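This report describes selected features of one protein model.

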Amino acid sequence: MKTTCPYCGVGCGVRATPDGISGDLDHSANRGRLCVKGETLGLTLDDGERLITPLINDRVASWDEALALAAARFRAAIDTHGPDSVAFYVSGQFLTEDYYIANKLMKGFIGSANIDTNSRLCMASPVAAHIHTFGEDVVPGIYEDFEEADLILFAGSNAAWCHPILFQRALAAREKRGSRIIVIDPRRSPTAELADLHVPVAPGGDGALFAALLAECARHSALDYNYIASYTTGFSEALAAAKRVSHGIEPAIFAALATHVVATPRMVTAFSQGVNQSAHGTETVQAILNLHLATGRIGKEGAAPFSLTGQPNAMGGREVGGLATQLAAHVGFDDDIARARLARFWRAPNLASAPGLKAVDLFEAVQDGRIKALWIAGTNPAESMPQSARVRDALERCPFVVAADCWPTATTARAHVVLPASGWSEKDGTVTNSERTISRQRSFRAAPGAARPDWWMFAEFARRLGFFYGFDFPSPAAIFREHAALTACLNRGTRLFDLSALAQVTDPDYESLTPLRWPLGRANGRLFASGGFSTADGRARFIVAAPLRAPTEPGHPFTLNTGRLRDQWHTMTRTGRVAALMTHREAATLEISPADAQELGVAPGDPVAITQGEACVVLPAAIARAQHPGGVFAAIHWTEAAGSAGTINALVGAARDPISGQPAFKHGGVHLTRITPRWHGIALARTPISIRPALTQHAVWSRTPRARDLVLIRFTGLTPLCSAETSRAIAGSLLTLSVEAIALDYADAGRSVFRLALLDGQKLALLFHVSAPHQRLPTPEALEALFAYAWNTPDPAALFIDRKSGQPSEKILCVCHQVSERIIRAAIARDGLVDPAAIGRATRAGTGCGSCLSELKGLLRESRFAEFA
């Protein structure tokens, strides 16, 4: 069965067979390759923790009962307070057909535009910039441009980890044609590690840099004045503004960057969250578009500005109008003719007339009581939104919350009604990737229990609201046909997004649909080489972008940057259950530069309090050469289920782009304070185990799934241990143990050494070690080895591994082939390896998906430094 990957916006094709998951050799996006997350998709199909039945206030209910209650509460709010008192918050994990039904219901029948999506958090600024500049939300380039460019700029994009298959295509092109890769990023990210040049821009400084590059191209006569005159408007004002901008880059580095940009017509600028997630993200994207328009580097082979989409179907959601600021099918609220046509097409009784609340504004309205009923689907805003504590408070205050998801989350825990959703492997529909390619996602197994697809939920909900026509779709194919027909109805030849050729697609043809890129029928898929913009006059608009610099936060000595890791996805509801994906980064950390660590007296693993206003998160420190002084980095994935810190989004403030509403996740001011560790510990358990709620006040802890259904918990104490004399009492103060078992207990309170083993019959249930911070703990691997045996006669000497025997835990760099950092370092030293290819031949590391290549290069660089030290 051919389907698509549910992770990033590259949109890789996947083959699902009884033998497992593999890449689709025929799909144009990936040509058979998958990243490590895609390779391990088969491991996510365990339904053990899935939501499988509707719940009302934690009570099992039928679908009819749950939907009837939801309809009654929404109808009461609408009738009493008006349609703007209700809202939907949905997801880039939706299929296009899910999005279409939800959008149609809210905007056409309920009569509000209060439907927004978590795509607001990652792609809203490019959407706004594309519409302002091109007249339509369109990405001009295609993936082949990465293979045909002579220069690729990655701006605010850690593509090596976040879009790894596309980045591998760029690396292959460099190997084949000698193209150059330049990375613009405050951090020396894994992508920067593999680049020809790293430009360490200040956080939020990308817009100023691209404006300065425009001025530099003008100074060196590298502009395409014929293109400017023929296809654009507003150039003079944009150039004048660009000439007034200061870029702030070290002169030698800027000169090297500018030299390449000026001299290289075949140039792709690939940008992502580092550009988008800014208080002026829209203007920064516009500065990138200005540079490409002015140089005519658009719509040609190897020349395009390229927005790298974060989610698998954020593009599909944008196509149907799933953002609160769009109406439907690339139509905005300002097109009166299209609005009238849409009302007739949908037979909409109450078509929304104005934009709705954007994500941050929406949850503020929930908190202050304007929103009385909220439906959340396929996303976890209690963890993923900025000011997450306020969002949780808002959900708890809201009179009525529905949450539809596959797994329990911090959001479903705060919902009155929880609905079990079909997951990636069980849903039928379409998705659109970053290069406008529509692919089929196909169900290849039955959904567990009573789980249902989101489009079905919204259609049934609509009927219970009293909308008996317009939602009687028998299948996703019928929804897709209406969606395609609507793109023609609203188009009038003025927009590129037109799927009218698919409006009559039959069910068999829909089932067998192969990937296709819109606009349909274009020979190579590239746009705007000869104009043809979707503006009223057909010309692109240069936008004067200012101030193009991140606002500073006085009194905050550090800038917090948040982002993604290589092997995780969003809030880990899927990836966090796969032990293999936890071997690269086991738990949350705060990355801090060596210089700042020395200044603060912070050693690796020391607890560090990160504060912003009244919010505080405590994380163990990771000293990272990639981090610039004055800046710190934390990953977005970790949640309250994974550790004491919860989500780093508790520290992300309310700042957002005034045009797009996209939050500024990348440059918030924080304070750092080192906390002296009082003790540390490790526990490995087979039995169900939970953390005592009060522990978070006394320790930093993390929980990580391991192989063979084991759970690893690490602790770092912030306060002294309780005065108990036994290890069982110490463990009981930290953990809730749900097994009655034989206990082997060793305690030496004088040396702060406590060890506990619990045996359930002949099987180990728990191993628990606590000691003073200077004493080494056993490794997870050493503890895991003991769980493999049957213990007929418990031997305390064997169970209580001597603290001196522990070695640093094995960090897995290559997850595809399970190759550890220790093995790679040994091979480099033993064989004198000098490049990643040699490491691959010796150890297989880097020969799978390639996501670890940057780390292999880093180890090689370290070995060269050590050689001359």
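W679 and F715 are both buried in this predicted model. The ring centres of W679 and F715 lie 6.3 Å apart with the planes at 40°, so this pair is classed as tilted. Because W679 belongs to strand β27 (residues 679-685) and F715 to strand β30, the contact ties together parts that are 36 residues apart in sequence.

Across the whole structure, a search finds 33 aromatic pairs. Among them is the pair of F134 and F528, also tilted, with 4.9 Å from centre to centre and 40° between the planes. F134 is part of helix α4 (residues 124-134), whereas F528 lies in the loop between β19 and β20 (540-541); the pair therefore ties together parts that are 394 residues apart in sequence. Buried means under 20% relative accessible area. F134 counts as buried because its relative accessibility is 1%, and F528 counts as buried because its value is 4%.

| Pair | Centre to centre | Angle between planes |
|---|---|---|
| F134 and F528 | 4.9 Å | 40° |
| W679 and F715 | 6.3 Å | 40° |

Ring pairs also build a cluster, which links F74, F88, F94, Y99, W375, F400, F458 and F461.

Aromatic rings take part in contacts with charged side chains as well. The charged end of R50 is placed over the ring of W407, at 5.5 Å from the ring centre. R452 lies over the face of W456, and here the distance to the ring centre is 5.7 Å.

Two or more lining residues are given by each of the elements β29 (699-706) and β30 (710-717). The largest share, 4 residues, comes from β29. By residue class, the lining of this pocket divides into 17 nonpolar, 10 polar and 10 charged residues.

Strand β9 (residues 180-184) is mostly covered, with 4 of its 5 residues buried. On one side, β9 pairs with strand β8 (residues 151-155) in the parallel sense over 5 bridges. In this pairing, A155 stands opposite I184 of β9. Strand β9 is also joined to strand β10 (residues 197-199), again in parallel, by 3 bridges.

The antiparallel case is an open sheet of 3 strands in the order β17-β18-β19. Strands β17 (429-432) and β19 (516-517) stand at the edges with a single partner strand each, so one side of each is left without a neighbour in the sheet. Strand β18 (residues 437-441) runs antiparallel to β19, and 2 bridges join them. Within that pairing, I438 is found opposite L516 of β19. The loop that holds F528 lies between β19 and β20, which relates this sheet in sequence to the aromatic pair with F134.

Key
Residues numbered from 1 in each chain as written. Predicted model: local features only at pLDDT ≥ 70, side-chain atom pairs only at ≥ 80, totals over all residues. Heavy atoms only, no water. Pairing = 2+ DSSP bridges. Nonpolar A, V, L, I, M, F, W, Y, C, P; charged D, E, K, R; others polar. Buried < 20%, exposed > 50% of the residue type's maximum accessible area, 1.4 Å probe, protein only. Phe/Tyr/Trp six-rings, centres within 6.5 Å; stacked < 30°, edge-to-face > 60°. Lys NZ or Arg CZ within 6 Å of the ring centre and 35° of its normal.
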